[in-house]
Amino acid sequence: SAVFAKPSRPVVLAVANQKGGVGKTTSTVNVAVALAQGGLNVLVIDSDPQGNCSTALGIEHHTGIDSTYEALIGEKTLAEVTLPCAEAPTLRVCPATIDLSGAELDLSAKERREFVLATALEEYFASYPETHVVLIDCPPSLGLLTINAFAAADQVFVPIQAEYYALEGLGMLLNTINKIRDFLNPKLEIGSILLTMFDKRTNLATEVGKEIYQYFPQQLLGTAIPRSVKLSEAPSFGTSIFSHDPRGIAALSYKKAALELADRLATATAN
Ligand code: ADP
Ligand code: MG
């Protein structure tokens, strides 16, 4: 299969959108697998207590398993809780268990509580400097888990469902990112926007797509992900779309979007 462009240093992407059900987890999983199958060294951090991302990648995540939670509270290093994934030899996953729902409370008493993930990742990169991309699957809420992801990230990767309220949600996210930039992470920016569940036959989807392009011509990826039943089925088999329906339009779209993303990241890190 094709070899993708590689960034010259690790790039951390927080996959975020304050709305739930817009395709954050689906995009994290399938972009990560596409990048890894394209030859990049990829780490996925499941930072949603629901653990949907772990499920979809076929990673066990029952309570008692070392997970993102142990890494955040400092009981384990990220490297220690990270597991290989059958989808690609260069893909590793840091699973989320339900324990993660207690992390916000545990962290709230900590000093520099917004930076625990950033610090854990710095330590990880010291051991694995050849990492190319880290994708952090964020929960929909703007709690300490998401704030930690924003503080650790170079870029926010924003999946957007092309529907009426999409732009309103994007405005909220921009306000949040501005605040994070002011107080926690001056380099944070929206790197890429991906239209998900896109139905090109409806005027609304096309209009919303145009409008997003108007405001974010640099960020909007040229490839939109179509609505596909195969995408919603894949997690129940614990696999990405590349195992479940490798030749379908959904797999092709995620592969194209990941290829675009890899090109951007390679360009952004070339000096
Ligand atoms: P989030 O992480 O933002 O809450 P998910 O990725 O879990 O969103 O997606 C929400 C639901 O929509 C899931 O059931 C998922 O399987 C489904 N879904 C996501 N993307 C698509 C798509 N392109 N086509 C059809 N269903 C999708
Ligand atoms: Mg999710």
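What span should the 14 residues of H1 have at 1.5 Å a residue, and how far apart are its end C-alpha atoms?

A: Happy to! A word on conventions: this is a predicted model, where local features need pLDDT of at least 70, side-chain atom pairs count only at pLDDT 80 or more, and totals for chains, interfaces and linings use all residues. Residues are numbered from 1 along each chain as its sequence is written, while chains are lettered from A and ligands numbered from 1 in the order in which they are written.

Now to your helix. The 14 residues of H1 should span 20 Å at 1.5 Å a residue, and the end C-alpha atoms are 20 Å apart, which agrees. The expected span here is 1.5 Å times one less than the number of residues. Helices (H or I, at least four residues) and strands (E, at least two) are DSSP runs, numbered from the N terminus.

H1 is largely enclosed by the rest of the structure, because 14 of its 14 residues are buried. A residue is buried if 20 or more other C-beta atoms lie within 10 Å of its own, exposed if 12 or fewer, and partly exposed in between, with C-beta atoms placed from the backbone. Just after H1, Gly39 takes a positive phi of about 105°.

Of the 15 residues around ligand 1, Gly23, Lys24, Thr25, Thr26 and Ser232 come nearest. Helix H1 (24-37) and helix H10 (229-233) are the elements that give two or more residues to this shell, and H1 gives the most, with three. A residue counts as near if its C-beta atom, placed from the backbone, lies within 6 Å of the molecule.

For contrast, look at Phe183 in helix H8 (residues 166-183). Phe183 counts as exposed because it has 11 C-beta neighbours inside 10 Å. Its C-alpha atom is separated by 37 Å from that of Gln37, 146 residues apart along the chain.
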